[in-house]
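Work through the exercises below with the sequence and the coordinates side by side, and try each task before reading its solution.

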Amino acid sequence: MGVSVTNALSDLLEVEVCREGYKYTIGFSNGDVVQPLKKIGKSDQRGTSVRVVPNPKYFDEPSIPASELKQLPKNKAVLSKGLTIKFIDNGKEEIFSYEEGLTSFIKEALGENGPIGKILEDEFYFEDSDSGFSKGEGASWAFCWIEEPPVSCPSFVNMIPTPSGGTHVSGLKSAVFNSLKNYRDWE
């Protein structure tokens, strides 16, 4: 769900942004601006903080299940190498940061039942639009071999989880399988 829907369904949505040496804030209630965008002052910090209080008239339970909510910032941290996200719920703070991106995530997910051999990770993004793709379009991926399936294999498109996989997942699995099969047949 996007911020506009979250905003419409919240008694309070406060956003604080620190960038380019300044701190800004804006506040909403039930979709309406209640505190216009305001430059608070200088700041040496960087980042965005969002505070949400759901409107109980729209929900059976007015509290947000933290386990479900924290999955999104965790995913963003996995997909953005070097990004650090602090998730604070009722004073309890968790930090999500994956310096190696997908490789760090795979190591965490597998724990002591690590991969067999090396985790294969790569990415490709177009530099210009001459190829029929826009500059920056592309993909990053990581995979490994393990002894004991099943392990959850999350996938994403435009940083949005695709829990049912999709053609990008099927295509990658097929390409890896066919490449290994062709290599074996060549040997």
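**Exercise 1.** Which residue in β4 does Leu12 stand opposite?

*Solution.* This is a predicted model, in which local features need pLDDT of at least 70, side-chain atom pairs count only at pLDDT 80 or more, and totals for chains, interfaces and linings use all residues. Residues are numbered from 1 along each chain as its sequence is written, and side-chain values use heavy atoms, with hydrogens and water left out. Leu12 stands opposite Val53 in β4. Strand β1 (residues 10–19) runs antiparallel to β4, and eight bridges join the two, where pairing requires at least two DSSP bridges between strands. Four strands in the order β3-β2-β1-β4 make up an open antiparallel sheet, whose edge strands are β3 (32–42) and β4 (47–54).

**Exercise 2.** Describe how helices α3 and α4 pack.

*Solution.* Helix α3 (residues 71–79) meets helix α4 (residues 102–110) at an angle of about 125°, with the axes 7 Å apart. The two helices are therefore oblique to each other, since angles under 35 degrees count as roughly parallel, over 145 as roughly antiparallel, 65 to 115 as roughly perpendicular and the rest as oblique. The contact (heavy atoms within 4.5 Å) is made by Lys74, Val78 and Leu79 of α3 together with Leu102, Phe105 and Glu108 of α4.

**Exercise 3.** What share of the 187 residues of the protein counts as buried?

*Solution.* Of the 187 residues, 18% count as buried, that is, under 20% relative accessible area with a 1.4 Å probe and protein chains only.

How values were computed:
Axes fitted to C-alpha atoms, helices over the stretch in contact; angles between N-to-C directions. Buried < 20%, exposed > 50% of the residue type's maximum accessible area, 1.4 Å probe, protein only.
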